[in-house]
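Okay, everyone, thanks for coming.

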Amino acid sequence: MKVQEFTKGLVKKNPVLVLALGLCPTLAITTRVENALGMAFSFAFVLIFSNLLISAIKGFIPKDVRIPTFIVIIASFVTIIDLFIHGYSPSLYEQLGIFLPLITVNCIILGRAEAFASKRPLGETLLDTAGMSAGFALIIVLISGIREFFGTGGIVIFGHQFLPFILSSPATGMILPPGAFLVMGILLAMLKKMGVV
Amino acid sequence: MENLLSIVIAAVFINNIVLTKFLGLCPFFGVSTRVRNALMMGLAVTFVMSCASILTWLIYEYLLIPFEIEYMRIVAFILVIASFVQLVEIVIRKTLPDLYRAFGIYLPLITTNCAILGVTLINVEVESYSFVASAVNGLATGLGFSLALFMMAGMRERLEISEQPVSFRGLPIAFITASLLALAFQGFSGMVE
Amino acid sequence: MIEEIAVLGSLGFFFSTLLVVMSKRFAVQMDERVERVRELLPGASCGACGFGGCDDFAEALVKDPSLLGNCRLMGADERRRAGALLGIEVKETWWMVANVRCAGGSKVLFDWVGEKTCSAASSLGEGVLACKYGCIGLGDCVRACPFGAIELRGNTPVVDEDKCRGCGLCVNACPRGVIKLIPKDAKVIIRCNSPEPGKVVAAACPNGCIACKLCEKACQVGAIKIENNLPVIDQSLCTSCGACVEACKRKVLVLRFPKPLATPHAS
Amino acid sequence: MSAKPVVVLTATCLVWGVLLGITHVLTKDKIVEAERAEINKVLSEIFPSASFVEENGYYRCIENGKLVGYAAIVEGAGYGGKMKVAVGIYVDNTIRGVRVVSHSETPGLGSRVAEDEFLKQFEGKTLERVWLKSDGGDIDAITGATISSRAVVEAVRKGMEELARRFSL
């Protein structure tokens with residue numbers, strides 16, 4: 001049963017595709033694969049540590065202040081990662097922009113904290129959050145790959161070229177909001193057709 | 001001081017928080033199946049957004065800046081928003097029970113609504129508005145959110161009873177509708193200086 | 001360094017005291033019996049009990065326990081536990097279940113390309129079918145049922161009687177009144193909804209009742225009468241012998257329990 | 001009135017206040033350093049071998065000991081939102097170079113104002129010539145992105161006026 005806790009986050013209970021959570025960052029920062037990697041890393045850091053802490057001290061939190069306490073813990077982890085990214089890679093900080101602080105209210109984190117971490121033991125929470133962040137990372141890298149390739153013609157990660165610029169006039173619409181919704185819609189439909197979702 | 005009208009038009013149409021800034025998508029897709037629910041959610045979000053904008057601006061101006069701990073804005077703002085939403089829920093449940101029953105279930109949802117924290121951060125950080133401007137921006141963004149939610153709900157109700165491929169039913173078709181809506185709203189961009 | 005602690009600490013302290021004080025001052029005296037009763041209710045808020053959902057119904061129940069019978073959706077033991085909680089003795093009542101009074105098969109006048117709902121299809125002129133009272137089969141009843149008790153087979157709805165709780169939402173959803181609630185122990189049911197005279201029904205649909213009165217003659221106990229061109233069955237007289245079902249050439253009548261049922265003792 | 005909730009939330013806030021304070025101290029100078037590095041990178045594109053002395057937001061550019069020019073980073077309002085432009089001028093108030101530091105213009109359209117081909121036109125111009133061709137100046141806007149082009153022009157003008165006033169050129 002233990003491993004299943006991890007793998008369910010990847011596909012069967014993928015936070016974005018199945019639970020339809022965390023849509024805001026998924027659509028907003030997936031204009032470049034580099035951003036997606038940065039977001040995936042910081043998201044995983046916050047999700048795993050905050051849920052672990054919540055699961056550890058879930059016994060002591062009285063009902064009246066449950067949500068404010070959870071949120072202070074999550075927000076503090078986000079502030080820590082925010083400061084570190086601001087200090088160590090300003091370009092990524094510029095790209096992620098407002099969506100870095102918004103990890104605090106990312107529906108997945110508080111959702112998992114409320115639904116899972118505040119009820120289940122530490123070990124399971126670790127597996128669950130690791131699975132969830134892996135699932136989240138998987139989907140946002142996939143979407144940003146599609147959008148960047150079609151939107152700018154090629155994929156550039158940390159400076160070096162992955163796919164050659166074969167598209168002479170790229171569909172810049174892909175990088176704009178309508179393109180984001182469209183890619184997500186078609187992707188969900190395909191996955192539904194393949195019976196994955 | 002930014003002229004207020006241009007803020008309102010910008011917040012509702014041009015950079016509509018849902019369709020161009022991608023904030024508040026989880027409730028946007030979750031609640032937009034019924035027009036009645038959408039209106040209720042829109043009202044609740046507009047109310048909380050305006051109050052939150054005022055509260056957070058005051059805290060930023062008179063607590064964070066004097067102590068030079070602006071970086072703490074995330075923790076301070078979200079603590080204020082979460083407590084404020086919980087307070088509203090407690091007060092409404094006692095004083096207006098039927099209003100509470102009408103949109104009670106949406107209140108806890110609002111705390112995790114990215115749009116609320118998003119607006120408060122935009123007010124103080126990205127746009128650095130004055131007090132009145134950020135209050136007006138909070139209200140206008142709430143109206144923008146409700147407008148997008150309302151239109152989406154109208155369309156999705158019609159979609160439910162129209163013919164569409166099986167694999168597109170539900171969320172996929174909702175996303176494609178949202179993409180068309182975003183395309184339409186993009187026509188507004190560049191309208192205000 | 002101290003500023004962070006001071007500001008965050010004071011914010012936390014201020015809001016937590018505010019929350020505790022407010023939750024005390026604005027505590028809603030929920031009668032805990034209402035809450036316990038609410039848990040026993042199915043929670044579908046279908047409105048069949050005549051209240052605005054299970055929350056209203058729970059509050060009303062605590063004030064007047066005899067309303068318990070109104071809720072058809074409760075399981076037998078939940079009803080007994082709720083009765084015990086409210087201090088009344090619970091009588092088991094036979095339930096109602098939905099019955100689709102149309103076998104389909106009416107000629108189709110035109111191909112409907114508009115919105116796929118029965119109410120839309122039946123609003124244009126006299127509706128899509130030659131028979132003005134027949135089921136259109138676009139599933140308004142299926143969408144209305146909170147328990148998924150009705151499915152469309154071909155384009156005629158079929159009721160799954162275990163899931164059906166007789167809440168009546170499908171009856172209101174059907175624009176042509178094809179669905180009626182019948183007692184669960186009804187022995188013979190009819191599958192036509194058209195009060196038109198025989199000639200009109202014969203022209204429109206092969207399975208419709210043309211009021212030929214064969215069933216009336218076949219029944220020894222006189223349990224079946226033709227009223228308004230449709231058979232009406234008195235379920236208490238009927239011994240479910242099936243004579244009328246054989247007599248009917250158009251298979252309008254259906255025997256629900258082929259082997260004769262011991263007369264039900266309404267305890 | 002049970003004080004447990006009050007204690008718990010305040011304690012959490014205090015604990016996290018301490019932890020955040022520590023992280024802030026650790027990263028504070030790193031952030032300032034990173035920001036200065038960003039600015040130096042941009043300005044050195046305009047004055048390749050100069051060093052920069054900051055005077056509350058405005059920079060003197062010194063090349064091997066000699067004052068060569070001034071530079072400033074100005075904020076403008078583009079088509080998609082805020083835009084930061086760096087302006088470098090010689091001592092004689094003619095433009096040495098212009099760079100777009102950050103912008104949120106529509107990719108593929110407005111974003112072309114950040115390319116050299118558009119920015120090259122500013123070099124060597126004086127304040128009076130810095131207008132769009134359609135407004136009587138020497139800068140021709142990028143087709144289809146007039147709002148973005150005008151935003152850059154206005155930002156450059158604002159920068160030059162500020163520098164002129166501050167260093168009384």
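So, H4(A) and H6(A) are oblique to each other, where oblique is whatever is left once angles under 35 degrees are called roughly parallel, over 145 roughly antiparallel, and 65 to 115 roughly perpendicular. H4(A) is residues 66-88 and H6(A) is residues 107-117 of chain A, and their axes come within 11 Å and cross at roughly 130 degrees. The axes are lines fitted to C-alpha atoms, for helices over the stretch in contact, and the angles run from 0 to 180 degrees between N-to-C directions. Helices here are DSSP runs (H or I, at least four residues), numbered from the N terminus.

Before I go on: this is a predicted model, with local features needing pLDDT of at least 70 and side-chain atom pairs counting only at pLDDT 80 or more, while totals for chains, interfaces and linings use all residues. Residues are numbered from 1 along each chain as its sequence is written, chains are lettered from A and ligands numbered from 1 in the order in which they are written, and side-chain values use heavy atoms, leaving out hydrogens and water.

Back to that pair. H4(A) passes H6(A) in a right-handed crossing, meaning the near helix is turned clockwise from the far one by less than a right angle. Who touches whom? On H4(A) we have A:Arg66, A:Ile67, A:Phe70, A:Ile71 and A:Ile74, and on H6(A) there's A:Ile109, A:Leu110, A:Ala113 and A:Glu114; contact means heavy atoms within 4.5 Å. By class, that's seven nonpolar, no polar and two charged residues. Nonpolar covers Ala, Val, Leu, Ile, Met, Phe, Trp, Tyr, Cys and Pro, charged covers Asp, Glu, Lys and Arg, and the others, Gly among them, are polar.

H4(A) also reaches over to chain B. Its axis and that of H4(B), residues 73-95, come within 8 Å and cross at roughly 160 degrees, so H4(A) and H4(B) are roughly antiparallel. H4(A) passes H4(B) in a right-handed crossing. The residues meeting there include A:Ile71, A:Ala75 and A:Thr79 from H4(A), and B:Ile78, B:Ala82 and B:Gln86 from H4(B). This contact has eleven nonpolar, four polar and two charged residues.

Now zoom out to the interfaces.

Over all chains, though, the search finds 19. One example is B:Glu160 with B:Arg34, at 3.5 Å, N to O. That pair links distant parts of the chain, 126 residues apart: B:Glu160 sits in helix H8 of chain B, and B:Arg34 in the loop between helix H2 and helix H3.

Notes. Helix = DSSP H or I, 4+ residues; strand = E, 2+ residues; numbered from the N terminus. Salt bridge = Lys/Arg side-chain N within 4 Å of Asp/Glu carboxyl O.
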